[in-house]
Amino acid sequence: MNKNLLQIKNLSIGYGNKLVAGNLSATIPAGELICLLGSNGTGKSTLMRSICGFQPILGGSVLIDDLEVNQLSEKELSKRIAVVLTDRVVVPNASVQELVGYGRSPYTGMMGRLNAADKIMVSRAMQECGIDHKKDSLLSSLSDGERQKAFIAKALAQDTPLIILDEPTAFLDLPARVEIMQLLRDIANTSQKSILMSTHDLDLALQLSDRLWLLQNGVPLITGSPEDLLLQNAFQRMFQHKGIVFDNKTGLFKVMHDQHSQVAVKGHGFEYVLLRRALSRKGIKVIRANEEESSWLEVKNDSKEAFSLFVDGECIQTESSLEVFVNQVMKMQVYLEVKSSCTIFSE
Ligand SMILES: Nc1ncnc2c1ncn2[C@@H]1O[C@H](COP(=O)(O)OP(=O)(O)OP(=O)(O)O)[C@@H](O)[C@H]1O
């Protein structure tokens, strides 16, 4: 039985009289990676700060180990929750090792001196995060990805059952985002620590997290496994926005294009899909060519010059470059005008 480490009950968050979100209830069991998703301004950072006890809550409760967070002293809290927030003051003149050492401060005395056991934990945390080779480097000299690893190592050295991170993958390129998410995934798997992180990387969250929290304006917090939320069509509703649709089957967003004309195409396969996508971007809808068609585009998957243009039954052009081909089609105006414009979604 997986005991809940953290519980939020009917929580309201905000600033003074300003309610940012209310009616929030959720639990965090041990050893899970949980991603908090939501559009800009829905209150993800506010929620994380409220859970950490960094700002007063407006109503409800936050319990860690069955204890009210706002009843715990700073020291008691720092032994239970390690926090990596984007707006925390950075210490540019500290080395990686010094920063990770600060993670031990809830356990060290007034002077903050690390004993042998602390030093082993610092060293192990840096190794686990793959940042030990930079231990003597100043934080100011690190890349964004390395700095993020150093802060995660600090949180690890703090040795808390819960780690909270606000957008740890912001500003990172795709490989670094994947690396950080996998690192957090491994920490949750191997150390049984729970991790709550906010992110806008829906695709990675769907693949790597155990559970998602979806925060939306004026709606109770939705929580569940990625698969259950896909089954419930939760993302479609969450990201309902003009011009965007979420495809449940692929986990990808599709962008809406206005279509003003159409063209008949013969063929199939990957080349066909790419041709349809390139034409769609130019406002041309692809329809399947039937036998009576006099002018059409054709895709031959096994040919080097895969794209052909037929006018009045005759092939007048073949091309290997899709870009050149589409530009040619645009110039030839062989596509048929559609009477009323329509919209379709990209693939
Ligand atoms: N210190 C503050 N005082 C008053 N209102 C604030 C304060 N900080 C944030 N807000 C407001 O609270 C709301 C939620 O902000 P928050 O930063 O929590 O959203 P978010 O979901 O984390 O956004 P993003 O995805 O853009 O980071 C916003 O309307 C914001 O303007």
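**View 1. The shell around the ligand, by residue class.** By class, the shell around the ligand holds two nonpolar, eight polar and three charged residues, where Ala, Val, Leu, Ile, Met, Phe, Trp, Tyr, Cys and Pro count as nonpolar, Asp, Glu, Lys and Arg as charged, and the others, Gly among them, as polar. The model is predicted, so that local features need pLDDT of at least 70 and side-chain atom pairs count only at pLDDT 80 or more, whereas totals for chains, interfaces and linings use all residues. Residues are numbered from 1 along each chain as its sequence is written, and side-chain values use heavy atoms, with hydrogens and water left out. Of the 13 residues around the ligand, Asn40, Gly41, Lys44, Ser45 and Thr46 come nearest, a residue being near a molecule or strand if one of its heavy atoms lies within 4 Å of it. Strand E2 (18-29) and helix H1 (44-51) each supply at least two residues of this shell, and H1 gives the most, with three residues; helices (H or I, at least four residues) and strands (E, at least two) are DSSP runs, numbered from the N terminus.

View 2. A backbone N or O atom of glycine 43 lies 2.9 Å from an oxygen atom of the ligand. In the side chain of histidine 200, an N or O atom is 3.1 Å from an oxygen atom of the ligand, and for the side chain of glutamate 167 the corresponding distance is 3.5 Å. Taken alone the ligand exposes 640 Å², of which the protein buries 60%, with accessible areas from the Shrake-Rupley method and a 1.4 Å probe; for residues, only the protein chains shown count as cover.

View 3. Four strands form an open, antiparallel sheet in the order E2-E1-E4-E5, two strands being paired if DSSP finds at least two bridges between them. E2 and strand E5 (67-68) stand at the edges, each with a single partner strand, so one side of each is left without a neighbour in the sheet. Eight bridges join strand E1 (residues 4-15) to E2, and leucine 6 has isoleucine 28 in E2 as its bridge partner. H1 lies across E1, E2 and strand E4 (59-64), at about 120° to E1; contact means heavy atoms within 4.5 Å, and axes are lines fitted to C-alpha atoms, for helices over the stretch in contact, with angles from 0 to 180 degrees between N-to-C directions.

Terms used
A polar contact is a pair of N or O atoms within 3.5 Å; within protein, one must be able to donate a hydrogen and the other to accept it, and residues adjacent in sequence count only if both atoms are side-chain atoms.
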